[in-house]
Amino acid sequence: MSRKNKKAPWDEEEEIIWVSKSEMKRDMEELQKIGEALVELTPNALAKVPLDEEMMAAIKDAQRFSKEARRRQLQFIGKQMRHMDLEPIQAALDKLNNKHSQHTVALKKLEIKRDKLIENGDSMLNAIMVDHPDADRQHLRQLVRQAAKEKAQEKPGKACREIFQYLKSLYLAD
């Protein structure tokens with residue numbers, strides 16, 4: 001009598017990795033989330049993501065669609081992404097998201113500089129003038145005095161906003 005698997009019982013068999021249906025669904029939902037993030041990007045940001053022409057066309061279609069058609073298109077994008085290398089796509093998305101985070105951090109730093117400028121006055125103004133010699137010292141000093149006056153009178157900070165916008169224009173010019 002012959003055996004079906006033709007292997008001796010002591011030979012190692014290949015290990016089969018079973019994936020549950022729930023895990024497969026979670027993986028598909030993750031791919032759809034990545035696809036949704038791609039659909040939400042602007043055309044300029046989307047150009048920075050390494051995608052083939054077919055995927056670009058699918059994403060542009062999803063951007064045009066609404067409601068049920070959009071949902072089905074997102075499922076289609078997720079299905080197409082199963083056969084793609086996701087590492088460069090995810091890296092590009094992370095880079096785009098980080099760029100937004102870096103911009104937010106830079107704005108927070110400008111807010112702190114503005115607050116220090118209002119509190120410290122001329123000493124902080126000198127530090128700003130060292131960084132940006134082309135800045136208008138007289139205009140900044142006038143805004144600082146006005147902001148301090150508004151703060152003392154507990155009025156809305158119009159001058160504070162103007163200082164922030166001026167500092168923002170200086171730092172974006174670099």
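A pocket is an open set of grid points with protein on both sides within 12 Å along at least five of seven lines, and its lining residues have an atom within 4 Å of a point. With this term in hand, the legends below describe close-up views of a predicted model.

**Figure 1. The largest pocket of the predicted model is lined by residues that include H103 and Y171.** The volume of this pocket is about 160 Å³. Its lining consists of H103, A106, L107, K109, L110, K113, K168, Y171 and L172. Two helices, α5 and α8 (158-173), each contribute at least two of the lining residues. The largest share, 6 residues, is supplied by α5.

**Figure 2. The chain is built from 8 helices and 0 strands.** Followed along the sequence, the pattern reads α-α-α-α-α-α-α-α. The chain has 174 residues, of which 28% count as buried. Among contacts between residues at least 6 apart in sequence, 58% join residues at least 24 apart.

**Figure 3. The largest nonpolar core contains 22 residues.** Within this core, L38, L51 and I77 have the most contacts. Two or more core residues come from each of the elements α1 (21-39), α2 (43-47), α3 (53-64), α4 (67-81) and α5 (86-120). Another core, of 19 residues, lies apart from the largest one and includes L117, I118, M124 and A147. In soluble globular proteins, nonpolar side chains tend to be buried together.

**Figure 4. Helix α3 has buried residues and, on its other side, exposed ones.** This helix has 12 residues and reaches 17 Å from its first C-alpha to its last, close to the 16 Å expected at 1.5 Å a residue. The buried residues of α3 are M55, M56, A58, I59 and A62. Seen down the axis of α3, these buried residues fall within an arc of 160°, so they line one face of the helix. An α-helix has 3.6 residues a turn, so residues three or four places apart point the same way. The buried residues of α3 pack against α1, α2 and α4. On the other side of α3, the residues E53, E54, K60 and R64 are exposed.

**Figure 5. Helix α4 contains both K67 and G78.** K67 is exposed, with a relative accessible area of 75%. The phi angle of K67 is near 55°, a positive value in a residue other than glycine. G78, in contrast, counts as buried, because its relative accessibility is 0% and buried means under 20% relative accessible area. When residues up to four places away in sequence are not counted, G78 touches M28, L31 and Q32. G78 and E36 are 42 residues apart in sequence, and their C-alpha atoms are 8.8 Å apart in space.

**Figure 6. Helix α6 comprises residues 122-131.** Its buried residues include M124, L125, I128 and M129. When α6 is viewed down its axis, the buried residues fall within an arc of 145°, so they line one face of the helix. M124 also belongs to the core of 19 residues, together with L117, I118 and A147 among others.

Notes:
Residues numbered from 1 in each chain as written. Predicted model: local features only at pLDDT ≥ 70, side-chain atom pairs only at ≥ 80, totals over all residues. Heavy atoms only, no water. Core = buried A, V, L, I, M, F, W, Y, C linked by side-chain atoms within 4.5 Å. Buried < 20%, exposed > 50% of the residue type's maximum accessible area, 1.4 Å probe, protein only. Helix = DSSP H or I, 4+ residues; strand = E, 2+ residues; numbered from the N terminus. Expected span 1.5 Å × (residues − 1). Arc of directions from axis to C-beta. Contact = heavy atoms within 4.5 Å. 1 Å grid on protein atoms, 1.4 Å probe; cavity = no way out; pocket = protein on both sides within 12 Å on 5 of 7 lines; lining within 4 Å. Points joined across faces, edges and corners; volume = space filled by probe spheres on them.
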